[in-house]
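Hi,

Here is the structure I promised to pass on to you. Have a look at it first, and then read on for what turned up.

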Amino acid sequence: MVLAFFSFDLRIHLVLGFGLNEVYIMSPHYLFIIPICISPLLKDNNILQKISMTTIAMLTLWLYNWNLSMLLPWFGE
C-alpha cells in the first residue's frame, strides 16, 4: 500500500513536474512513509530496537539543537 502511494507521488512529482522545487508542497505526500517503514524496527525488544531508539533519540536531540540555534538569534533581534 505504501508503494502504491509512493508510485503515485513519484508520477505526479517527477513525471508531471508538479511541485518539484517546492518542498512544502511535495513533502506531505511522502513523509508519512518514514514512520511506517521505521515501525517494524521498533516493534520487538531486541538489539535492533535499542540501536534504532538510540539513533532516533540522537537525531531528535541534534535536530532540536540545530533548530534552536537558528531560532534564538532571531528572537534576539
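The expected span of a helix is 1.5 Å times one less than its number of residues. With 30 residues, H4 should span 44 Å, and its end C-alpha atoms are 44 Å apart, so the two agree.

Asn 46 caps the N-terminal end of H4, with a side-chain oxygen 3.2 Å from the backbone nitrogen of Leu 48.

Now for the whole chain. It has four helices and zero strands, in the order α-α-α-α from the N terminus on. Of the 77 residues, 10% are buried. The accessible surface comes to about 6,600 Å², and carbon and sulfur atoms account for 75% of it.

Part of the surface is a nonpolar patch formed by Leu 3, Phe 6, Leu 10, Leu 14, Val 15 and Leu 16, which together have about 660 Å² of accessible area. One of these residues, Leu 14, sits in helix H1 (residues 2-15). Leu 14 counts as exposed because its relative accessibility is 52%, and the cut-off for exposed is over 50%.

A word on confidence: the chain averages a pLDDT of 83, and 84% of the residues score at least 70. Where pLDDT is low, the predicted coordinates should not be read in detail.

Enjoy exploring!

Best wishes

Conventions
Residues numbered from 1 in each chain as written. Predicted model: local features only at pLDDT ≥ 70, side-chain atom pairs only at ≥ 80, totals over all residues. Heavy atoms only, no water. Helix = DSSP H or I, 4+ residues; strand = E, 2+ residues; numbered from the N terminus. Buried < 20%, exposed > 50% of the residue type's maximum accessible area, 1.4 Å probe, protein only. Areas by Shrake-Rupley, 256 points an atom, 1.4 Å probe, with all protein chains shown as cover. pLDDT = per-residue confidence, 0-100. Patch = residues over 30% accessible without salt bridge, like charges linked within 9 Å, V, L, I, M, F, W, Y side chains within 5 Å. Salt bridge = Lys/Arg side-chain N within 4 Å of Asp/Glu carboxyl O. Polar contact = N/O pair within 3.5 Å; in protein donor to acceptor, adjacent residues only side chain to side chain.
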